[in-house]
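Thanks for coming. I have one structure to go through today, so please have a look at it before I start talking.

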2 protein chains.
Amino acid sequence: MLSKIINQGIAIASCLLLSTSIMAQQHPSLVMTKKGVEKIRENLGKVPLFDNSLSNVKEEVDQAIADGIVVPIPKDMAGGYSHEVHKKNYLLMQKAGLLYQILNDDSYALYVKNMLLQYAKMYPKLPLHPQERSYARGKLFWQALNDANWLVYTSQAYDCVYDYLTKKERATIEKNLFKPYADFLSIGSPQFFNRVHNHSTWGNVAVGMIGLVMDDAVLLDRALNGLKEDNLPAGMKDNDGGLIKKEGQKTGFLANVDEPFSPDGYYTEGPYYQRYAMYPFLVFAAALQNSKPEIKIFEYKNAVLLKSIYALLNLTNSEGEFFPLNDGQKGMSYYSRELVSAVAIGYTYGGRDPELLSIAKKQNRVELDENGLEVALAVQQNLAEPLVKKSLNLSDGPDGKQGGVAILRSRLNDDESTVVLKYAAQGLSHGHYDKLSFSYYNNADEVIQDYGLARFVNIEQKNGGGYLKENGSWAKQSIAHNTVIQNETSHFNGDFDIGSLNHSDKYLFDVSDPNFQVVSAIENNAYPGTSLHRTMALIQDESYERPVLLDIMQIKSEQQNQYDFPYYYFGQIMSANFKYEKSKALMPLGDKNGYQHLWKEASGVATQDNSKVSWLNKGTFYSLTAALSAGDEIIFARLGANDPNFNLRNDPGIIFRKKAAQNATFVNALETHGSYNTVSEFTSNAYSSIIKLEKVRDDANYIAVKIHNKDNSILLFIMDVKDSSSSKTHQITIDGENYQWTGCVFHKKIK
Amino acid sequence: MLSKIINQGIAIASCLLLSTSIMAQQHPSLVMTKKGVEKIRENLGKVPLFDNSLSNVKEEVDQAIADGIVVPIPKDMAGGYSHEVHKKNYLLMQKAGLLYQILNDDSYALYVKNMLLQYAKMYPKLPLHPQERSYARGKLFWQALNDANWLVYTSQAYDCVYDYLTKKERATIEKNLFKPYADFLSIGSPQFFNRVHNHSTWGNVAVGMIGLVMDDAVLLDRALNGLKEDNLPAGMKDNDGGLIKKEGQKTGFLANVDEPFSPDGYYTEGPYYQRYAMYPFLVFAAALQNSKPEIKIFEYKNAVLLKSIYALLNLTNSEGEFFPLNDGQKGMSYYSRELVSAVAIGYTYGGRDPELLSIAKKQNRVELDENGLEVALAVQQNLAEPLVKKSLNLSDGPDGKQGGVAILRSRLNDDESTVVLKYAAQGLSHGHYDKLSFSYYNNADEVIQDYGLARFVNIEQKNGGGYLKENGSWAKQSIAHNTVIQNETSHFNGDFDIGSLNHSDKYLFDVSDPNFQVVSAIENNAYPGTSLHRTMALIQDESYERPVLLDIMQIKSEQQNQYDFPYYYFGQIMSANFKYEKSKALMPLGDKNGYQHLWKEASGVATQDNSKVSWLNKGTFYSLTAALSAGDEIIFARLGANDPNFNLRNDPGIIFRKKAAQNATFVNALETHGSYNTVSEFTSNAYSSIIKLEKVRDDANYIAVKIHNKDNSILLFIMDVKDSSSSKTHQITIDGENYQWTGCVFHKKIK
């Protein structure tokens, strides 16, 4: 559906914008329009999904009106009283505004009016928020970011009650509240407003939205194109170490569409922040489309805003929870309010894709605007079709040339196995140092986890809901991820500036055979003088009950190093086929770069044979088979050391360690198998089906692996490691047998 | 409903049994009867719950028939191949027998016949099972217990196909299989057969069931009354340290009803084993009722077998999972096949209680016999009524005078808080040393856990599915439980013989006020010279969002001791209001009695103020407030030390420690409050509502506690600790105020 729009792709000269004459606006005209209101009113009581959403929102707002308006003096961090009240207030105002339009009931407009007047009374006297932690403090909230949130929502409320207010009331509110508010967020906070970052997106949109309502061409231009002058030094950083300004940085909303989004719609900060930024991106786009259709914002950059919705929906596990790449809080999902709005806007402005309706059905609520109505109507008409998530490669970088994120999905009956391989760019200030890291899901269960962020968002007890020290000392470090760590240092030595200059590169993404999907990527810069090449194959074969993940990491270096290769699993260890010693006393595994946070619980030494560990998690067995070299170390680690405030989860990991190796290759296979039921107490298929994992070739040209199975079959995998061309013809001999094929990879059941 | 039956309670002279002439039996006549078969056939296709169950079973058995019969030479431990096949076989034969009767399709009878003939061929040559771990080895399985399981199910299959077989076939099967099998389980395994224990119940019933089918009065008498001669020495123990024989022990099925069940239907081994034993208890009772109605087995001991069904259904959390008292595997629930059968038998033979139907509805399957049909018919007729679990005190001991288990339940909207206080007897060989221990649930979530057993039932990798060493070194020890541990030694010094002689005593169980439910119990023998008195009040009050659990442990001793008082919580610590030091290296907390398994993660020292710890688990906040004395130690511990095979879960606990105290009182309050949602990222009520917990009186006569709340209210609780009489009148002065009341406890919002 999307292609129709993309093919019309047009470039916009932002300088054109001011020349389009600004006409007297109707109200409402942002996401909700006058025409939309009419259609909604006509359909009231006829469309269950809309009516139920309306009824829930009405109940909530009626209760809030009954409880009375509170506009407290700003004081607390996130999670604290004043923070939560102001947050509730903007959400309530936006909803009350919509209710006023839909139900034509003055009490909702009155509620918004009275609250706005209270804010208008308080705002002129407000100093900066007393909490000093942010690089860009707000006035209502500890950071300008939350102030921008407030305005993005409140401008919609204002739009809805605009005509209800007298001219004098509007003058008061605009003069004392909205104009200084918008100036503070922009001119008053250039380090916040003039970045390429989700923060700025919120700031730009806040200013743009209120600019549209107030018909203020200056604010709108500022929103779209940024501040002309910001006097910020290039290289300036925020309080989380994120870059504020780079040389020649474009700014404003359009720059924030241009730069962080790849042509595939992947947002470089990662899905958690993409979700967060989605709301301002899309409501402003809808508002622009409604007020300034000549901008054709939904066609901008080949319709990247629409594509980004699909990218985001695909960056989820089987229950719709986002992969917690970079700083991502686990549990956030496409059930969030931002995605409810995004799905409806995507549906209405993106060609009415019936697959989006299946997500709307799951969300089971819609925004109370015309987009929500369109979705609800279509759902009622049974137009929904399933959105089946497929294997997918999402490029990163403005031009799609800065690596990416690959998702392999393998479906068997009702079960889905999902591999997420990250070979992207740094991801701005929320990026982690985890080139070629992966996570793995069995349906919605994390088999091999990405830790996500170290933060309890909006829980005041934990550092005011803000990032914890351990986010830097643990969560961002390479050892916190399932990738290679050389000499116990993080990728790019954990240096943000260097990390930001680099990205991994795709080598191969081949999902043409659903039973043998391969992704392969290379990282040459994480450790100068060392190249890392990771290849993962998700294999379905009758020798296995469930998919097997073959994981090959080839390391080439100019000197000898120690290589650690962790797998952060969940569950209880069932067995290991090698001797290991549990530690009598637990010591941290290292003293820096995240290692200081890991307790060394046990360790063993690999023999010539494969090393195999099995565990049980939530009724499913998993077996990890590693073709290690004799003498390699196997470490059982558990998170939690040097964690003075219990900020970390105490999750376990298995680390394969090669000491004093120069070139080295890890070859591992991870099986999902069997089940255990605590009610029937039946156990099935509790053992690994792999007898032996054998590296049969590993040189400058090829890597080849044989998997010997319990059913006596042998699966052979060969890959050209120098040339991933799909047309190249190969002929090699392995164990006396001759193999010929065309393309980068070869795989065959040879017995 | 039950009372009708109980009031007819009659005693049975077991010597009468042999004199009742045994008449030629009809077949089937055990749980399924000829009459039942007719009624089932009449109703086929008309009763969805029955038809669906039939269809599922048919599909399973048809598949098994297609797969063919395998009767392997016995070899493996539980979870291993031969074990699992023989287990599947008996379950399949029982089902195939029923299908033959219901569908009148010879292929099912043929399947049973062929399998029985294979067993009859193998059995005479079988030596003892090669695995030597059990005190009573079986032949098909590593322990005679599993052999008995086999016969309990297979005797039903034989009953169903009895008339299908030729006389000669029956003779072969009985001579080569069933008779020697029954003799082996009884005469051949007296140490297994002649106990009071769930093992013997299975053994007795196996022999009794096949005795009924074969119309063998000798076997039936042996089943009911045990072996007359066993030549076992009194004091003999099994491989788990459980007592096999005590002086003057009565034996057989009737003794196994008499002794382990209390008059309330509580089974002294605990709910996990009660569930396990329920199947033989009830199918044999049903078979006896059908074959020998003159025994009136369901009226025996005031209808205790029927009462036991209710006891068991009440010993569950809100999702029907059994409280894992003593050796109990978590996750086992009333959805197990044993309870499916128990509910139907209880319904049919226990007065057709409509509340049982609500459980049957949840189970959503029935046994394919007449009891299952009765349940399914009644469900179809919408007769089901909810079984609302109430607060309940279940006595322990044959006469109900050996302490018990108290359950307090507090319901608020859709939420249920549940306290389980264990003050029972030892519980035979599966008992733990945990007098006055408790567990606490928020709906089905464990807030304060009972660890349960250290075993992975039927998972071969883990010690063949059997008990792990850590079951003795950790799970049974007192420190593994939420109770007092004196001087780092377990109750009764962990001595089974001494533990078996003792039990705690009820002091008070008063749930007359649903908003202030109190249970109180005393333990005088766990530590000679020390008395422990625990009082728990589950309080609902408008000062709190959710119930508060007030927990008072009064200790009086003849000498100074160290007292540890652990709370095994789940979740992430959010905050603590006292200083604590995280350990730089983790050392075990002690060197024996379970302490060797705990890592000491952190510790702090209590000040004069209350010590408060808050944590977050699954979206709910919990706060534990302790009125400690200045200088008391607070230890954060985590399980997992000295666990060479990763057999333990790495669960956390908070331990309050009083050093060198003689008389001491712990006063704690545990709040459930607030919520956190990872999708909306909204936090509510994240802080404790208790400002101060104050012990205002603690002497030989009274304990009194004031709870000062954030809303400025004060809740006063007073209890007479010497006399729990409900008629006694009290008058005391606290903080200058005079309080008068009648009964043991007083509570009032005094501000």
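Predicted model: local features only at pLDDT ≥ 70, side-chain atom pairs only at ≥ 80, totals over all residues.

Start with chain A as a whole. It has 18 helices and 27 strands. Its radius of gyration is 27 Å, close to the 27 Å that the globule rule gives for 751 residues, so chain A is as compact as a globular protein of that length. Along the principal axes, the C-alpha atoms of chain A fill a box of roughly 90 × 55 × 55 Å.

On to the helices. How do H9 and H10 of chain A cross? H9(A) is residues 198–213 and H10(A) is residues 217–225. Their axes come within 8 Å and cross at roughly 155°. An angle over 145° counts as roughly antiparallel, and H9(A) and H10(A) are therefore roughly antiparallel to each other. The crossing is left-handed. On the H9(A) side the contact includes Asn204(A), Val207(A) and Ile210(A); on the H10(A) side we have Leu219(A), Leu220(A) and Ala223(A). The residues of this contact divide into 6 nonpolar, 3 polar and no charged.

The next pair is H13(A), residues 300–314, and H14(A), residues 337–349. The axes come within 10 Å and cross at roughly 135°. That makes H13(A) oblique to H14(A). This crossing is left-handed. H13(A) contributes Leu306(A), Ile309(A), Leu312(A) and Leu313(A), while H14(A) contributes Leu339(A), Ala342(A), Val343(A), Gly346(A) and Tyr349(A). The division is 8 nonpolar, 1 polar and no charged.

For a pair in chain B, look at H7(B), residues 167–185, and H9(B), residues 198–214. They pack at an angle of about 145°, with their axes 9 Å apart. The crossing of H7(B) and H9(B) is left-handed. Glu174(B), Phe178(B), Lys179(B), Ala182(B) and Leu185(B) from H7(B) meet Ala206(B), Val207(B), Ile210(B) and Met214(B) from H9(B). What kinds of residue make up the contact of H7(B) with H9(B)? The residues divide into 7 nonpolar, no polar and 2 charged.

Last, the backbone. Most residues other than glycine have a negative phi, and most peptide bonds are trans. The peptide bond from His27(A) to Pro28(A) is cis, with omega near -5°. Pro28(A) sits in the loop between helix H1 (2–6) and helix H2 (34–43) of chain A. In chain B, His27(B) and Pro28(B) are also joined by a cis peptide bond, with omega about -5°, and Pro28(B) lies in the loop between H1 (2–6) and H2 (34–43) of chain B.

As for phi, Asn712(A) has a value near 70°, which is positive in a residue other than glycine. Asn712(A) is in the loop between strand S23 (702–709) and strand S24 (714–720) of chain A.

That is what I have.

Note on methods: Residues numbered from 1 in each chain as written. Chains lettered and ligands numbered in written order. Heavy atoms only, no water. Axes fitted to C-alpha atoms, helices over the stretch in contact; angles between N-to-C directions. Helix = DSSP H or I, 4+ residues; strand = E, 2+ residues; numbered from the N terminus. Parallel < 35°, antiparallel > 145°, perpendicular 65-115°, else oblique. Left-handed = near helix turned anticlockwise from the far one by under 90°. Contact = heavy atoms within 4.5 Å. Nonpolar A, V, L, I, M, F, W, Y, C, P; charged D, E, K, R; others polar. Rg over C-alpha atoms; globule rule 2.2 N^0.38 Å.
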